[in-house]
Amino acid sequence: MLKFAGILLLMAGCGGLGFNKIAEEKQRIRQLREIRRIVLRIQNEISYGKRALPEICLLLGQCMEEPYRTAFLAIYAKLEENDGSGLDCIWKEQMEECMRNLPLRREEKDILCHMPEYLGILDEKQQAADIGQSLDFLSARITQAEGGYENRARVIMSVSVLAGIFIVILLL
């Protein structure tokens, strides 16, 4: 009876680990969509709203979800303090802190972290074009992640269940 309970708990643990990995993949897709939404909003505010970056940060801080809301409001507050730090430094610091625990790959996080580099150019059309390249990259990543999600989910669950069975056989 005790062995049977151990086997069930071991299999439940391996299955739970598989479900956790699948949830991380789903969260990654959701975060990629949110970053695309942020980048698109920045592009629109620059191109059509003719707004400055501090004002854009305030707008994004009011309408985005956490953890981005806090990061944009912190960027706005630090820019308003005008303590001598540059926009690049403030932006990168806040975005890295914001995205530290998100299940994104490094190059996906870098898109939002390096956004001020695209905004340093004074020509609005060039800014919009550079941001458009980031949008294309994000769209490709989202399509890739969504396309492979079902297969990855099946593989992850299969491997986690098979690992559980393998461990049970080893321990018997």
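Select Trp91 to begin: leaving out residues up to four places away in sequence, Trp91 touches Ile42, Leu53, Cys57, Phe72, Ile75, Leu112, Cys113, Met115 and Pro116, where contact means heavy atoms within 4.5 Å. What you have open is a predicted model, in which local features need pLDDT of at least 70 and side-chain atom pairs count only at pLDDT 80 or more, while totals for chains, interfaces and linings use all residues. Residues are numbered from 1 along each chain as its sequence is written, and side-chain values use heavy atoms, with hydrogens and water left out.

Stay on Trp91 for a moment, and colour by secondary structure. Trp91 lies in helix H4, helices being DSSP runs of H or I with at least four residues, strands being runs of E with at least two, and both being numbered from the N terminus. Is Trp91 buried or exposed? Trp91 is buried, with a relative accessible area of 0%; buried means under 20% relative accessible area, exposed means over 50%, and partly exposed lies in between, using a 1.4 Å probe and protein chains only. If you then draw a distance from Trp91 to Gly16, which is 75 residues apart from it along the chain, the C-alpha atoms are separated by 37 Å.

Next, select Ile42, one of the residues that Trp91 touches. Ile42 has its place in helix H1 and counts as buried, at 0% relative accessibility. A distance drawn between the C-alpha atoms of Ile42 and Cys57, which are 15 residues apart along the chain, comes to 8.7 Å.

Now show the largest nonpolar core, which is a set of buried Ala, Val, Leu, Ile, Met, Phe, Trp, Tyr and Cys residues joined through side-chain atoms within 4.5 Å. Which of its 35 residues touch the most other members? They are Val39, Ile42, Tyr68, Phe72, Trp91, Met95 and Met99. Helix H1 (2-47), helix H2 (53-63), helix H3 (68-81), H4, helix H5 (106-113) and helix H7 (124-171) each supply at least two residues of this core, and the largest share, 8 residues, comes from H1. In soluble globular proteins, nonpolar side chains tend to be buried together.

Return to H4, which spans residues 87-98, and select Gln94 within it. Gln94 is buried, with a relative accessible area of 14%. Apart from its neighbours within four places in sequence, Gln94 is in contact with Ala71, Ala74, Ile75 and Lys78.

From there, move to the loop between H2 and H3, where Pro67 is found. A cis peptide bond joins Glu66 and Pro67, with omega at about 5°.

Then select Arg69, whose place is in helix H3. Arg69 is partly exposed, with a relative accessible area of 33%, and, not counting residues up to four places away in sequence, Arg69 touches Gly61, Gln62 and Met64. Arg69 and Arg141, which are 72 residues apart in sequence, lie 23 Å apart in space, C-alpha to C-alpha.

Finally, zoom out until the whole protein chain is in view. How many helices and strands does the protein chain have? The secondary structure comes to 7 helices and 0 strands. The radius of gyration of the protein chain, taken over C-alpha atoms, is 21 Å, well over the 16 Å that the globule rule (2.2 Å times the number of residues to the power 0.38) gives for 172 residues, so the chain is more spread out than a compact globule. Along the principal axes, the C-alpha atoms fill a box of roughly 70 × 35 × 20 Å.

With the whole chain still selected, buried residues make up 35% of its 172 residues. Among contacts between residues at least 6 apart in sequence, 66% join residues at least 24 apart.
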